[in-house]
Amino acid sequence: MDLDPAAEDEEAERQLEDHNEAMDARQALLGVGVTHLDPVDLEDFVASRTGTGTATDSTSPPASTTASAGGGSRKRSKVWNNFDELTNLVNGKRVRYAARCKFCHETLSARSSSGTGHLLRHNCSAKKAHDRSGQTQTVLKYNPDGSLQRWEYCPSVARNELCRLIARDDLPLWHGSTDAFQEYITRAHNPRFVHVSRQTTARDMIKLYNERKVNLIGTLKTDVTSVCLTSDIWAGKAKEDYLSVVAHFVNSHWEIEKRLLGLRLIDGKHSGVSIANLVATVIDDYALTDKVFAITLDNASSNNTAMKYLRPFLSGYLGVPAPVVTDDDDDSFTPTDDDLCTMFLHQRCSCHVINLIVKAGLQHLKAYIDDFRTAITFLNASNQRIAAYKSYCMSMAIRPRKFGVDMDVRWNSTYLMLKHLVPYKSSFSVFIKTQYPLHSDGTPLLTDDHWTIAEKVLSFLELFYESTVALSGVYYPTATLMLHHILRIARHLNSFENDRLLRAAVVPMKDKFLKYWRDIPILYAVAFILDPRAKMRGFNKLLVRLASLTGTNYSNVPIEVRSKLSKIFQLYEAKFGDTRLRANQHPTSLGSGKKKMAWDEIYGDDDYDGELSVGRRPGSSSISTAASTSELASYLDSDTITEFDEDFNVLSWWHQHKLTYPILALLAKDVLTVPASTISSESTFSLAGRVIEERRRRLAPDMVEVLSCIKDWELADAHLQHTVEEETRELEAEHENLYLDDPEEHNQ
């Protein structure tokens, strides 16, 4: 006799329960699952994990048994661990009419007269996910404060982190879309990872850039009073030229930071108008029109033209408008130092000036340096010659190596070429003499005079190399160092001026030095005076020593500088005077330092004052009312501090004394932020060169800017931005890592 479907379901459920009871009994006989702990009611445990639902009308009580149709009782079906019974009151009795899944909350028919087999067959994806989560060990992660929290996989976070990885490691945009990357991540890290297409990654990259740009704009608006910019132009391998704009500023903790604001493609000619338009566009994008204090550029004539157009646009920081210059004005137009609103606005790159000075001298030594280049190229052009030179060095118990050829446009690479070549003078000269053909007169390519010149040039260029590195810093003030290095370079040129071998090179170098630095730039003078170790007393002493080296009369310079400083201070008084509280404190003197370094050249002979007055306020200076200059006068006429340690931070000193000098501290913060070089912009091109590599030649200019900015901002967060020290290490590594033996064998 055939049974109805309801009876079949009840019979199937009854058979399943009998089978489960038999399995439980078998496990009990075998001792499976026996522990020394109290037994756990799994049904109660699951119920406590999942909770109980609520019926539309009411739910049946969680009884362990339920009445059968015949008035007896049987064990409650385990199906109700996953469902809530929904009942109605019919004739005084509770009658089940439906069941609701505890996981997906779907409602199924479940009349009391029907079976529950269809509930057992309910395919619930939510329950499967719940069961899987119970079988997976919880992953924890540390919060920034050291506490722990549960880690959960989030696809949006994974895509965001992929964008950061691509930007920081200069990877192609399709890096995360490959099957190999998918397989690596799913097998080694997260089996739930699903890769996305290159187009999706590009959209995610732009989204990340926009979010970070909005945050940067907010920071510059609320936490930064002024910014100093650097800009330069780079010609890429893809025959596309880019202009970079980098911002330097002091954060709320009085620490110098820098951010790449833009890397824009230049179409057409590099004219001053094109440069000015691109720079103005970037500045406007970040709402910095009224916050620009200074712009440092190289000495290209197009930059002078660009500043002619930018000056009225950027003169709003101190609220004094600059005169508008028309197209009819000469491109060589430059404002006078009396234009207070733009007195500090345009600064020339000091490292570019050093480069011009050194190249003027190397031009007269070109014949000797070209012979060294020819010899190195001759060695590197043949594997047989390299092998022969390696064998020769090993026979002489000398560690074998190759040598790198310098780049003509970078004099510091010439210094590094000679630095690594001179120690191999004996082996290299003998090898070249025996391998390279002799000249027609029978002389070898490299003579003793070559090596004498090389050793002399190497020692001579070392100071210029050190100055370039010091003035290219990012995270410390460099404007205060300028007069120190100008004095050192002047003394250095004087000491070699009468050298028999280098005189022909030193004379044009000194002429170039006097062309750019005979007249002390006002910004560098003010920055030097705002160093509490110098003030007016130190400035006078420096001028005396510089006058003796250059033959220049600087007797009126202290009066002129103090007058201009007083006028600019009055503008700061008008802008910030109402918003700064003043405290009647006296400046505290810090302890004396252990090393005097460059200060020995200024205070080394304290009795030598020359013709300039020292430490006194010039009576002829045009100072306005005492009320507006009392703070400035108090600082200038007070004693200098004697903290000459290498780790002395002049910016931190002003932060500590901002209550004593509330207005002057703001002026000092702005002046000390000005970078002495454009290296920060040039280092951007090192990033761009990695961005636009062989695998990324098809990148659109907008994406080049996006990738470059994200990478720079990521490195800024970690205080690891590309600096001249890193660039110097990379350049040195190109010459250093040319050994021909195994380093481990050499160390044994």
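**Notebook: aromatic pairs**

I started with the aromatic rings and found that the structure holds 27 aromatic pairs. A reminder to myself: this is a predicted model.

I looked up Tyr389 and Phe428 next. Their ring centres are 6.3 Å apart and the planes meet at 85°, so I noted the pair as edge-to-face, since planes over 60 degrees apart count that way. Where do the two residues lie? Tyr389 is in helix H12 (residues 383-395) and Phe428 in helix H14 (residues 425-435). The pair therefore ties together parts that are 39 residues apart in sequence.

Buried or exposed, I asked of Tyr389? Tyr389 is buried, with a relative accessible area of 1%. Phe428 is buried too, at a relative accessible area of 0%.

Then I turned to Tyr635 and Trp654. Here the ring centres are 5.1 Å apart and the planes are at 45°, so this pair goes down as tilted. Tyr635 sits in helix H22 (residues 626-636) and Trp654 in helix H23 (residues 650-656), so the pair ties together parts 19 residues apart in sequence. I checked burial here as well: both Tyr635 and Trp654 are buried.

Last, I looked for charges over rings. Lys213 lies over the face of Tyr286, at 5.1 Å from the ring centre. Lys669 lies over the face of Trp254, and there I noted 5.0 Å from the ring centre.

Notes:
Residues numbered from 1 in each chain as written. Predicted model: local features only at pLDDT ≥ 70, side-chain atom pairs only at ≥ 80, totals over all residues. Heavy atoms only, no water. Phe/Tyr/Trp six-rings, centres within 6.5 Å; stacked < 30°, edge-to-face > 60°. Helix = DSSP H or I, 4+ residues; strand = E, 2+ residues; numbered from the N terminus. Buried < 20%, exposed > 50% of the residue type's maximum accessible area, 1.4 Å probe, protein only. Lys NZ or Arg CZ within 6 Å of the ring centre and 35° of its normal.
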